[in-house]
Amino acid sequence: MKPDTATIRYYDVSPSVTAFSTTRHGGFSHGAHGGFNINRYCGDDEACIDKNLDLLACELGVDKANVIMPHQTHGTETRLISRDFLSLGQATQQMILEGVDALMTDVPGVCIGVSTADCIPIIIYDPEHRATAAIHAGWRGTVARIAVKAVTEMRLAYGSRPEALLAVIGPGISLDAFEVGDEVYDEFASAGFDMAAISRREAKWHIDLKECNRLQLVSLGIMPRNIQVSGICTYNNYTDYFSARRLGAQSGRIFTGTIIK
């Protein structure tokens, strides 16, 4: 596969929204955080993070303070980012973003995003109501159906109609690479998923997190043709995209975000 040397990979969703994922290229971080990481919760040097964040804000054409990232905990908490949120102090913002795994907003010029390194990032855009969401779906969040919860909350907050939504499932670990123990397989099976559609038995079980999340979006009424699924496996492409299974938990993170223009 040809290396992805760009700092940012953009998705063709709508002229009204910018949607993207960062790569490992073009930043100031080193080692397992190198080169482009803006996540403050994975052990990277703060000075490098700040310089990377400056680069990202400049590339995206947004205020650095308007790049909003939660501290994820593999749960299903979501937060709505309003104009009022932007006027709060940094400490208050961080408190509100603690333990959150999905963000949504209808405020133009605000970049909301989630961090991943094998987990599945999902972007949702509502072109009718000009609202968007960024979702972090690791295996625990996938089992707990965080994508379903986030879309349901978009319906309540903005009046979003699933059949009008556009979605991107970004870079994440593939079925071939995501080997799990019986206990993880049992979690999915107990949650009522169609295991024949999302898993395969080899020496151990393998689970397709991207497909599991895609099927959840389809079950809500999102049209299959409106869901883009990245073919990038982070585990197999760890030189271009961060992979915790390859680089360790204290590695950098991909940032997948969205901005309403």
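User: How many bridges join β2 to strand β14, and in which direction do the two strands run?

Analyst: Strands of a sheet pair through backbone hydrogen bonds, either parallel or antiparallel. In this predicted model, β2 and strand β14 (residues 254-260) are joined by five bridges and run antiparallel. Ala19 stands opposite Thr258 in β14.

User: In what order do the strands of the open sheet stand?

Analyst: The order is β1-β2-β14-β6-β3, five strands in an open sheet with mixed pairing. At the edges stand β1 and β3 (67-68), each with a single partner strand, so one side of each has no neighbour in the sheet.

User: What should I know about the side chains of a strand?

Analyst: In a regular strand the side chains alternate between the two faces of the sheet.

User: Which helix lies across β1, β2, β3, β6 and β14?

Analyst: That is helix α1 (residues 46-60), which lies across β1, β2, β3, β6 (111-116) and β14. Helix α1 runs at about 35° to β1.

User: How is the crossing of helix α5 and helix α8 described?

Analyst: One reads the distance between the axes, the angle and the handedness. The axes of helix α5 (residues 146-158) and helix α8 (residues 209-220) come within 9 Å and cross at roughly 35°. The crossing of α5 and α8 is right-handed.

User: Which residues make the contact of α5 with α8?

Analyst: From α5 come Ala147, Val148 and Val151, and from α8 come Asn213, Gln216, Leu217 and Leu220. Of the residues in this contact, five are nonpolar, two are polar and none is charged.

User: How many aromatic pairs does a search of the whole structure find?

Analyst: The search finds four aromatic pairs. One of them joins Trp139 and Phe188, whose ring centres are 6.4 Å apart. Their planes meet at 35°, so the pair is tilted, since stacked requires under 30 degrees and edge-to-face over 60.

User: Why does the pair of Trp139 and Phe188 tie together parts that are apart in sequence?

Analyst: Trp139 belongs to helix α4 (residues 139-143) and Phe188 to helix α6 (residues 182-190), so the pair ties together parts that are 49 residues apart in sequence. Both Trp139 and Phe188 are buried.

User: How are the rings of Phe188 and Phe193 arranged?

Analyst: The centres of the Phe188 and Phe193 rings are 5.8 Å apart and the planes are at 50°, so this pair is tilted.

User: Are Phe188 and Phe193 buried or exposed?

Analyst: Phe188 is buried, with a relative accessible area of 0%. Phe193, at 12% relative accessibility, also counts as buried.

Terms used. Residues are numbered from 1 along each chain as its sequence is written. This is a predicted model: local features need pLDDT of at least 70, side-chain atom pairs count only at pLDDT 80 or more; totals for chains, interfaces and linings use all residues. Side-chain values use heavy atoms; hydrogens and water are left out. Axes are lines fitted to C-alpha atoms, for helices over the stretch in contact, and angles run from 0 to 180 degrees between N-to-C directions. Helices (H or I, at least four residues) and strands (E, at least two) are DSSP runs, numbered from the N terminus. A crossing is left-handed if the near helix is turned anticlockwise from the far one by less than a right angle, and right-handed if clockwise. Contact means heavy atoms within 4.5 Å. Ala, Val, Leu, Ile, Met, Phe, Trp, Tyr, Cys and Pro count as nonpolar, Asp, Glu, Lys and Arg as charged, and the others, Gly among them, as polar. Two strands pair if DSSP finds at least two bridges between them. Rings of Phe, Tyr and Trp (its six-membered ring) pair if their centres lie within 6.5 Å; planes under 30 degrees apart count as stacked, over 60 as edge-to-face and the rest as tilted. Buried means under 20% relative accessible area, exposed over 50%, partly exposed in between (1.4 Å probe, protein chains only).
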